[in-house]
Amino acid sequence: MEKFDVIFLGAGSGGYVGAIRAADLGKKVCIIEARELGGTCLNRGCIPTKALLKSAEVFHTVKEAKNFGVNVDSYSFDVNGIYSWKENVVKKLVSGVEYLLKSRKVVIKKGRGRIIDNETVEIETSEGKEIVQGENIVIATGSEPAMIPTFKIDGKNVLTSDDALTLGEIPKDIVIIGAGAIGIEFATFYSTFGTKVTIVEMMPQVVPTLKDKKVANYLQRILNKKGIEVKVGAKIESVEVKDGKVYSTLSTGEVLESEKVLVSIGRKLNSDNIGLENIGVNVDRGRIVVDEYLRTNVKNVYAIGDVIGGLLLAHKAMKEGEVVAEIIAGENKKMDYRVVPWAIFSSPEIAACGLTEEEAKEQGIDVITGEFPFSANGKAVSMNATDGFVKVVARKEDKVIIGAQIIGPEASVMIAELALAIQNNLTLDDVADTIHTHPTLPEAIMEAVKVPLGSVVHIYLRR
């Protein structure tokens with residue numbers, strides 16, 4: 001029986017990063033994975049969707065080439081080529097993860113792991129069962145699309161995001177249930193290639209988790225401008241497949257007919273059937289309960305990533321993987337969720353970090369805000385990408401930046417500067433006094449923080 005210092009149950013974003021970090025800290029590490037290395041993000045989430053969206057971006061650029069003085073006489077898209085590009089990207093990165101693990105001498109076990117006791121895991125493989133022991137066990141089993149009975153998901157007509165990534169076709173029309181990140185990104189992809197897209201969202205705005213109505217409403221207007229119909233405040237009562245068509249009945253009584261329906265709401269946390277009951281790990285509605293040190297209530301058993309709930313984001317899981325490895329190695333670390341940026345890769349992108357103006361006010365914080373439009377940013381104008389703006393939220397008393405929201409080109413990249421500012425308690429003056437390269441999109445951040453300071457240059461403020 002092999003013995004290890006740390007066993008990671010799951011090789012997704014949290015698991016593989018944690019395993020690498022633990023190995024770098026001198027631990028003997030085993031990682032167990034029933035499916036592909038890299039987990040959901042790399043194989044069925046972040047990476048493949050971004051590869052598809054890159055194809056859509058290239059197609060859109062060619063379509064709009066005339067705006068830049070470039071004539072393209074003929075252009076088309078190849079569905080098989082698009083999905084082949086996506087597969088090649090995934091394969092390259094999966095092989096990269098395998099190399100990184102093996103280069104650290106992390107032992108990879110392919111199979112389904114089940115905890116026997118707080119030091120023992122049974123692995124069910126294609127060749128039988130194997131037992132491994134570890135001084136520490138880290139549960140990193142992730143999540144998967146929830147199979148909601150009302151929607152009668154069949155993987156052919158009514159799809160999960162997993163199904164959509166292997167669909168291999170561009171439907172004539174599609175109804176997308178849910179206007180969160182997954183729904184909006186797939187809406188962007190399909191609509192770019194000519195699909196008639198209708199998004200149905202039960203909540204009164206798109207991106208319901210974003211408590212900034214101005215940003216959400218701005219995004220909805222852009223979606224509408226692109227021909228994507230958005231129905232907010234409407235619930236899907238039933239989904240029926242008949243004669244190869246899908247009929248979605250809304251709470252308003254309206255019936256939508258489409259070739260496909262994509263269900264992009266709800267994920268199930270993978271805490272079942274992994275042996276938690278054998279050791280008495282506390283679970284709250286599928287979520288493994290941990291403290292700020294990522295410890296469960298059972299000695300030497302930790303949990304990270306989607307399975308502990310909170311924001312289901314790969315970069316959050318990666319940070320938890322690093323932190324749990326450092327804790328196990330004896331370092332004085334704990335998780336800090338104060339600053340977790342996120343992004344939606346729509347067109348234009350949307351990203352946020354920290355508190356919105358509404359959230360700050362709900363907490364009784366007196367704030368000042370600054371907004372700067374991309375229409376006044378030289379680089380954005382040169383890119384013909386002027387939709388959107390940067391918004392910065394700061395405490396009024398000391399001008400410390402506590403939140404930021406961006407909708408516009410490269411928002412996912414630009415939010416990093418503001419995340420760094422929030423993490424390090426920087427003030428509006430700190431960012432305003434930092435010289436930004438010209439012409440670049442991040443100049444919009446510099447200008448936005450100058451608005452409440454009264455020193456903004458490239459827009460006129462009435463005084």
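**Figure 1. Packing of helix α3 against helix α6 in the predicted model.** Helix α3 spans residues 46–63 and helix α6 spans residues 181–192. In this predicted model, the two helices pack at an angle of about 35 degrees, and their axes are 9 Å apart. The crossing of α3 and α6 is left-handed. On the α3 side the contact is made by T49, K50, L52, L53, A56, F59 and H60. On the α6 side the contributing residues are E185, F186, T188, F189 and T192. Sorted by class, the contact of α3 with α6 holds six nonpolar, four polar and two charged residues. Two packed helices are described by the angle between their axes and the distance between the axes.

**Figure 2. The largest cavity and its lining.** Rolling a probe the size of a water molecule over the atoms shows where empty space is left. A search of the whole structure for cavities of 30 Å³ or more finds one. The largest cavity holds about 40 Å³ of space. Its lining consists of T49, L52, L53, E185, F186 and F189. The elements giving two or more residues to this lining are α3 and α6. By class, the lining of the largest cavity has four nonpolar residues, one polar and one charged. T49, L52 and L53 of α3 also take part in the contact between the two helices, as do E185, F186 and F189 of α6.

**Figure 3. The second largest pocket.** This pocket contains about 1,100 Å³ of space. It is lined by 28 residues, and those closest to its centre are E57, H60, K226, S347 and P348. Helices α3 and α6 each supply at least two residues of the lining. The greatest contribution comes from α3, which gives nine residues. The lining of the second largest pocket divides into nine nonpolar, nine polar and 10 charged residues. One of the residues closest to the pocket centre, H60, also belongs to the α3 side of the contact with α6.

**Figure 4. The cis peptide bond between S347 and P348.** The peptide bond from S347 to P348 is cis, and its omega is near 5 degrees. P348 is found in the loop between β20 (342–344) and β21 (349–354). Both S347 and P348 are among the residues closest to the centre of the second largest pocket.

**Figure 5. Two further backbone features, at P439 and N300.** H438 and P439 are joined by a cis peptide bond with omega of about -5 degrees. P439 is found in the loop between α13 (428–432) and α14 (443–450). N300 has a phi near 65 degrees, a positive value in a residue other than glycine. The loop that holds N300 runs between β18 (287–288) and β19. Most residues other than glycine have a negative phi, and most peptide bonds are trans.

Figure 6. D173 has K196 of β10 as its bridge partner.

**Figure 7. Strand β6 and its pairing with β1, β5 and β19.** Strand β6 covers residues 128–139 and pairs with β1 (residues 2–9) in the parallel sense over seven bridges. In this pairing, Q133 of β6 is the bridge partner of K3. Strand β5 (residues 120–125) pairs with β6 in the antiparallel sense over six bridges. T125 is bridged to G128 of β6, and two residues lie between β5 and β6 in the hairpin that they form. With β19 (residues 301–303), β6 pairs in the parallel sense over three bridges. V138 has Y302 of β19 as its bridge partner. In a regular strand the side chains alternate between the two faces of the sheet.

Key:
Residues numbered from 1 in each chain as written. Predicted model: local features only at pLDDT ≥ 70, side-chain atom pairs only at ≥ 80, totals over all residues. Heavy atoms only, no water. Axes fitted to C-alpha atoms, helices over the stretch in contact; angles between N-to-C directions. Helix = DSSP H or I, 4+ residues; strand = E, 2+ residues; numbered from the N terminus. Left-handed = near helix turned anticlockwise from the far one by under 90°. Contact = heavy atoms within 4.5 Å. Nonpolar A, V, L, I, M, F, W, Y, C, P; charged D, E, K, R; others polar. 1 Å grid on protein atoms, 1.4 Å probe; cavity = no way out; pocket = protein on both sides within 12 Å on 5 of 7 lines; lining within 4 Å. Points joined across faces, edges and corners; volume = space filled by probe spheres on them. Pairing = 2+ DSSP bridges.
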